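Please look through the sequence and the model, then read on.

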Amino acid sequence: MALEEYRKKRDFKKTPEPEGKVVKKKAKELFFCVQKHLASQLHYDLRLEHDGVLLSWAVPKGPSLNPTDKRLAMHVEDHPIEYGTFEGVIPEGYGAGIVMLWDQGTWTPQVDDVDAALKKGDLKFTLDGYKLKGSWVLVRTGGRYPGGSSDRSWLLIKHKDDWAGDLDITTFAPKSVKSEGDFEDILAQDRPDVWESNRSGGRPAQGGEAGAMLAKIIARATEIKAGRATVSRSGTKATKTAKAPAKTTAAAKRRTKNR
C-alpha cells in the first residue's frame, strides 16, 4: 500500500496530520509543494504528486537556484495528497515540530515514464511555484554523500535557465505562501494546548541550533499571543478612542470658520 509507511510512523489520535488516502487523477499538471519543517533539525520537504500520493524528499539545506549547488535530498515515505496544504504544529511523535507551507504550485515531468526515471535514479522535471520555477533534476547518489544510503540519498539540482541564479531563495523569501507568516506566527495561531505541550518533554528539538531556534520561536509566539489578547481585551476602548480625533477635527473646523 502506497501510504503504509507514512501511517505506520504516526499516531493520528495525537497528530493533526491527515491520515490520507491514495487519490489518483488524470492531469497534465500535477501538484507540488515544499514544506519548511522545524523538527529535530530544520529542513525542507519537497513533495511531488505522482500516482495518487506525494513523492517526498527531505532537503536539509533547502532548494538552491544556483546550478552549481548540489543539495542533498533524502528520499522519505510517500505522503497523502491532502498533506500538501498542511501547515501547523505536530505536537509529538514522528516529525514533531512546526510545518510551514513554504512553496506550492504545479510540476511537469520531463520524462515519459516517472516510475522508470525513479528506478533509474534520474528524474528531470519543471516546477511552476511561487518561489521555485524552471527546470530541475533529482539524481540518486548511490550513498556517496554523508548520511546517505544507496536508495535514499539523492541530489536536488537546478538546471541552467532563466529561473537560475545566485539568489539565496530560502533567505530572500523565508515565509509561508499560505499564511504569509513565519514559524512564530504559525505557532501563535494554533490552539495553546497544541503548541504549549511542546515545552515540556515533547519538543521537536531539545538542543543544538534547532533547539535554540525553537526556544526563540516559542518566546516570540508567546509575545504575539499576548499582544493579540491585549488588543482583544481593549477592543471596546480602542473603538471609542478612535472616534475622538474626528470630533476634535470637527471642532477645530468650527473654530477656524468663526475666526
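Which residues of strand β7 (residues 122-129) make up the covered face, and which the uncovered one? The covered face consists of L123, F125, L127 and G129, while D122, K124, T126 and D128 form the uncovered face.

## Basis of the model

This is a predicted model, in which local features need pLDDT of at least 70 and side-chain atom pairs count only at pLDDT 80 or more, whereas totals for chains, interfaces and linings use all residues. Residues are numbered from 1 along each chain as its sequence is written, and side-chain values use heavy atoms, with hydrogens and water left out.

## The chain as a whole

The chain contains 7 helices and 9 strands. Both are DSSP runs numbered from the N terminus: helices are H or I with at least four residues, strands are E with at least two. Of its 259 residues, 42% count as buried, that is, under 20% relative accessible area with a 1.4 Å probe, counting protein chains only.

Among contacts (heavy atoms within 4.5 Å) with a separation of 6 or more, 61% are between residues 24 or more positions apart. The accessible surface, from the Shrake-Rupley method with a 1.4 Å probe, is about 14,500 Å², and carbon and sulfur atoms hold 51% of it.

## Strand β7 and its partners

Two strands pair if DSSP finds at least two bridges between them. Strand β6 (residues 97-109) runs antiparallel to β7, with 5 bridges joining the two; here P109 stands opposite F125.

β7 also pairs with strand β8 (residues 133-140), again in the antiparallel sense, over 7 bridges. In this pairing D122 stands opposite V139. A hairpin of 3 residues connects β7 to β8.

## Aromatic rings

The structure holds 4 aromatic pairs. Rings of Phe, Tyr and Trp (its six-membered ring) pair if their centres lie within 6.5 Å; planes under 30 degrees apart are stacked, over 60 edge-to-face, and the rest tilted. One of the pairs is Y44 with W102: the centres are 5.5 Å apart and the planes at 80°, so it is edge-to-face. Y44 belongs to strand β2 (residues 42-50) and W102 to strand β6, 58 residues apart. Y44 and W102 are buried.

W57 and W154 form another pair, edge-to-face because the ring centres are 5.7 Å apart and the planes at 75°. W57 is in strand β3 (residues 53-59) and W154 in strand β9 (residues 153-158), so the pair ties together parts 97 residues apart in sequence. W57 and W154 are both buried.

Definitions and conventions. Buried < 20%, exposed > 50% of the residue type's maximum accessible area, 1.4 Å probe, protein only.
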